[in-house]
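Here is a friendly walk through one protein chain, from its overall plan to a few single residues. Have a look at the picture first, then read on.

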Amino acid sequence: MGKPSRRFQRANAIEIAKVDDELGIVYGFAIVSKIDGEDYYDRQGDHIPEMSMMRAAAGFMERSRAGKEMHAGDKVADVLFAFPLTTEVAKGLGIETKRTGLLIGFRPHDAKMLDKFRSGEYTGFSIGGSRIVDEEVED
């Protein structure tokens, strides 16, 4: 059995899809699990399988919904919306997509942070979750 192919992070893999000025909400992928049907690995070589993303997102939305700034500090935003777009969910809804993962609606508490998304200074999200010890699993 060969090693799985690894698709490493591209500049547009996790991206801000839209900044809604009226509502002050930023939309995009917080987690990417697959691109073009292949497992996605970030710059650190981490991959979050779709089912792991679903479990983590359910717990996060139930208990936290905290947005952070640059992965540190206190809560500075709320995750108002979260949609786990897996291969099976997309198929069931008739959605064709190149990426799967967790789509979110992120509302910063501060207008300065929203400006950083609007200007392109921030190109991704920082959500307030915690990580458990890595465990290799077979799909």
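Starting at the N terminus, the elements of this chain follow the order β-β-β-β-α-β-β-α-β-α. That makes three helices and seven strands. Keep in mind as you read that the model is predicted.

Let us look at the chain as a whole. It has 139 residues, and 36% of them count as buried. Its accessible surface is about 9,100 Å², with 51% belonging to carbon and sulfur atoms. If you take the contacts between residues at least 6 apart in sequence, 62% of them join residues at least 24 apart.

Now for the inside. In soluble globular proteins, nonpolar side chains tend to be buried together. The largest nonpolar core here has 18 residues, and those that touch the most other members are Val-26, Ile-104, Phe-106, Phe-117 and Phe-125. Two or more residues of this core come from each of strand 2 (16-20), strand 3, helix 1, strand 6, strand 7 and helix 3 (111-119). A second, separate core has six residues, including Val-32, Ile-35, Tyr-40 and Leu-85.

What does Phe-106 touch, leaving aside residues up to four places away in sequence? Among its partners are Gly-24, Val-26, Lys-68, Val-79, Met-113, Phe-117 and Phe-125.

An α-helix has 3.6 residues a turn, so residues three or four places apart point the same way. Just after helix 1 comes Arg-65, which has a positive phi of about 60°.

Asp-36 also has a positive phi, of about 50°, although it is not a glycine. You can find Asp-36 in the loop between strand 3 (25-35) and strand 4 (38-41).

Ile-95 lies in the loop between helix 2 (87-93) and strand 7 (99-108).

Are Asp-36 and Ile-95 buried or partly exposed? The table gives the answer for each.

| Residue | Relative accessible area | Class |
|---|---|---|
| Asp-36 | 41% | partly exposed |
| Ile-95 | 38% | partly exposed |

Methods
Residues are numbered from 1 along each chain as its sequence is written. This is a predicted model: local features need pLDDT of at least 70, side-chain atom pairs count only at pLDDT 80 or more; totals for chains, interfaces and linings use all residues. Side-chain values use heavy atoms; hydrogens and water are left out. Helices (H or I, at least four residues) and strands (E, at least two) are DSSP runs, numbered from the N terminus. Buried means under 20% relative accessible area, exposed over 50%, partly exposed in between (1.4 Å probe, protein chains only). A nonpolar core is a set of buried Ala, Val, Leu, Ile, Met, Phe, Trp, Tyr and Cys residues joined through side-chain atoms within 4.5 Å. Contact means heavy atoms within 4.5 Å. Accessible areas come from the Shrake-Rupley method with a 1.4 Å probe; for residues, only the protein chains shown count as cover.
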